[in-house]
Amino acid sequence: MSIKRDKKEPLNLEGKTVVLKEIVPEYFSYVVEWRNNSSLNKFLNQPFVLTLELEKKWYEEVYLPDDTQEFFIMTDKETGTPFGTIGRTNIDLKNKVCISGRLILGNSDYALTPAFWESFFVLADYSYTFVDVEYIHVVKENRKAMTLDKTLGFVPNEQEVKFPNECFVNGLDQQELYRTKEMYLKIREKLFDKLVC
């Protein structure tokens, strides 16, 4: 069971400093640029050069019909500047789980800014209205991402792997982490004001 809605009416998730805007064609050029940037795509599951044509095809044939995934553009609330991507896949409302990810910080000027940090809280606030557990998969060599996810309350899954197909993709050896709603609420109370306000 997943979220039934018309994706042609995109979601906007608004915070104090950031707006997460669901992907629409006007943002394709940003996604293509960021995902093809060799300094950004080292740990991405994308073994090909992305083009506007491929992005359009994915959007129309894969993304729009699929209600188990959501893809957002991080935008500065004050200026409207797009600065990265974030999203969810494998949304399963019956079992109340999803995978969070799709993180790219496309504009390094936003590294560790309130808008960057708030993006994670805005998405999680939304996610945990539907699910009880979020999973995330991080390339084991990607120390920055691993540190970020642990800061945000994710811990390694030491039990049976929930999404084994996500743990080794296109030669990338990944670790599965998870965070329950209760874990998130504790980390939100501890960190939100420090990182966003």
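**Figure 1. Charged side chains of the predicted model.** The chain carries 26 positive and 31 negative side chains, and the centres of these two sets are 3 Å apart. The coordinates are those of a predicted model.

**Figure 2. Overall fold of the chain.** Five helices and nine strands make up the secondary structure. Read from the N terminus, the order of elements is β-β-α-α-β-β-β-α-β-α-β-β-β-α. Along the principal axes, the C-alpha atoms occupy a box of roughly 40 × 40 × 35 Å. A compact globule of 197 residues would have a radius of gyration near 16 Å, and the value for the chain, 16 Å, agrees with this.

**Figure 3. Surface and burial in the chain.** The accessible surface amounts to about 10700 Å², and carbon and sulfur atoms contribute 51% of this area. Of the 197 residues, 48% count as buried.

**Figure 4. Helix α3, residues 114-127.** With 14 residues at 1.5 Å a residue, helix α3 should span 20 Å. Twelve of the 14 residues are buried, so α3 is largely enclosed by the rest of the structure. The buried residues of α3 are A115, F116, W117, E118, S119, F120, F121, V122, L123, A124, Y126 and S127. An α-helix has 3.6 residues a turn, so residues three or four places apart point the same way.

Figure 5. F120 is part of helix α3. Its relative accessible area is 12%, and because the cut-off for a buried residue is under 20%, F120 counts as buried. Residues up to four places away in sequence aside, F120 touches I86, L103, L148 and L152. One of these contacts is with I86, which lies 34 residues from F120 along the chain. The C-alpha atoms of F120 and I86 are separated by 8.2 Å.

**Figure 6. N90 in strand β4.** Strand β4 covers residues 82-92 and includes N90. N90 is not a glycine, yet its phi is positive, at about 50°. The relative accessibility of N90 is 32%, which places this residue in the partly exposed class.

**Figure 7. R102 in strand β5.** R102 belongs to strand β5, which comprises residues 97-105. The phi of R102 is near 60°, a positive value in a residue other than glycine. At 25% relative accessibility, R102 is partly exposed.

**Figure 8. Surroundings of K150.** K150 is located in helix α4, residues 143-151. Its relative accessibility is 43%, so K150 counts as partly exposed. When neighbours within four places in sequence are left aside, K150 is in contact with P156 and L177. S100 is 50 residues from K150 along the chain, and the C-alpha atoms of K150 and S100 are 13 Å apart.

Methods: Residues numbered from 1 in each chain as written. Predicted model: local features only at pLDDT ≥ 70, side-chain atom pairs only at ≥ 80, totals over all residues. Heavy atoms only, no water. Helix = DSSP H or I, 4+ residues; strand = E, 2+ residues; numbered from the N terminus. Expected span 1.5 Å × (residues − 1). Buried < 20%, exposed > 50% of the residue type's maximum accessible area, 1.4 Å probe, protein only. Rg over C-alpha atoms; globule rule 2.2 N^0.38 Å. Areas by Shrake-Rupley, 256 points an atom, 1.4 Å probe, with all protein chains shown as cover. Lys, Arg positive; Asp, Glu negative; His and termini not counted. Charge placed at Lys NZ, Arg CZ, Asp CG, Glu CD. Contact = heavy atoms within 4.5 Å.
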